[in-house]
Amino acid sequence: MAKPDHSIDPRILDSARREFLALGFEKASVQNICEQAQVTTGALYKRYRGKNDLFCAVVADTVSDLRDVFEEKASVDLQALSDEALIKAWDMDEGYMMWWFQYLYERHDGFVLLLRCAEGTSYSNFQHDWVESMTRVTYDYYQEARRRGLTHTDISTQEIHILLSAFWTTIYEPFIHDFTWQQIESHCRLVCDLFNWYQVLGFTDP
């Protein structure tokens, strides 16, 4: 039995990535993708059910990497954390924020596709869905801190969602607007100055 030929797969994905970045999902042309990859449309449809399936394949590694970070945060045993570690989780440390920006910058094209080019795909609501996922985990951290008396504010999960929407927008926008790495470094410092979670959530000064 002949083995499936996967040699053209990278060409298809690279061509699709460039087409989606240039035109967005809805305006992207499967015919153009195939022409640039030098494959037939039949060869593409043997591998992908349609344009949405192809888009999902292009962003699959980025989505998987983001899910890994989320699951690492979600799997923390909050009750096992010390008070100091629980409070530290809200620190807007420039080094930590720079890690986030670098992590996303290393996945630049996939992240931009999710943010700016996904209308009409399975990831149309990526920005909202990501914040929604982070809200659930973040609220667990807040509730644990409140249970221990580390904060006495009464903030709802809806309010946490609104705050995180604003926070993540400051992370999304540099990628949406094609910031250089040097611009992102400067922007990171501004984000750290803008958000003071200790004050907003009423934590005791660390």
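Biologist: What makes Q38 count as exposed?

Modeller: Its relative accessibility is 67%. Exposed means over 50% relative accessible area, buried under 20% and partly exposed in between, with a 1.4 Å probe and protein chains only. So, at 67%, Q38 counts as exposed. Keep in mind that this is a predicted model, where local features need pLDDT of at least 70, side-chain atom pairs count only at pLDDT 80 or more, and totals for chains, interfaces and linings use all residues. Residues are numbered from 1 along each chain as its sequence is written, and side-chain values use heavy atoms, leaving out hydrogens and water.

Biologist: Where is Q38 found?

Modeller: In the loop between α2 (30-37) and α3 (41-47). Helices here are DSSP runs of H or I with at least four residues (strands are E, at least two), numbered from the N terminus. Q38 is not a glycine, yet it has a positive phi of about 60 degrees.

Biologist: And D178, why is that one called partly exposed?

Modeller: Relative accessibility is 45% for D178, so it counts as partly exposed. D178 lies in the loop between α9 and α10. It also has a positive phi, about 55 degrees, although it is not a glycine.

Biologist: How do you know that α9 and α10 are roughly antiparallel?

Modeller: Helix α9 (residues 157-176) and helix α10 (residues 181-194) pack at about 170 degrees, with axes 11 Å apart. Angles run from 0 to 180 degrees between N-to-C directions, and axes are lines fitted to C-alpha atoms over the stretch in contact. Under 35 degrees is roughly parallel, over 145 roughly antiparallel, 65 to 115 roughly perpendicular and the rest oblique. Therefore α9 and α10 are roughly antiparallel to each other.

Biologist: Which residues meet there?

Modeller: F167, T170, P174 and F175 in α9 meet I184, H187, V191 and L194 in α10, where contact means heavy atoms within 4.5 Å. That makes 6 nonpolar, 2 polar and no charged residues.

Biologist: What lines the largest pocket?

Modeller: There are 23 lining residues, with K73, A89, Y96, W100 and M134 nearest the centre. Those giving two or more residues are α4 (51-74), α6 (94-105), α8 (126-147) and α9. A pocket is an open set of 1 Å grid points where a 1.4 Å probe fits, with protein on both sides within 12 Å along at least five of seven lines, and lining residues have an atom within 4 Å of a point.

Biologist: How is that lining split by class?

Modeller: Into 19 nonpolar, 1 polar and 3 charged residues.

Terms used
Ala, Val, Leu, Ile, Met, Phe, Trp, Tyr, Cys and Pro count as nonpolar, Asp, Glu, Lys and Arg as charged, and the others, Gly among them, as polar.
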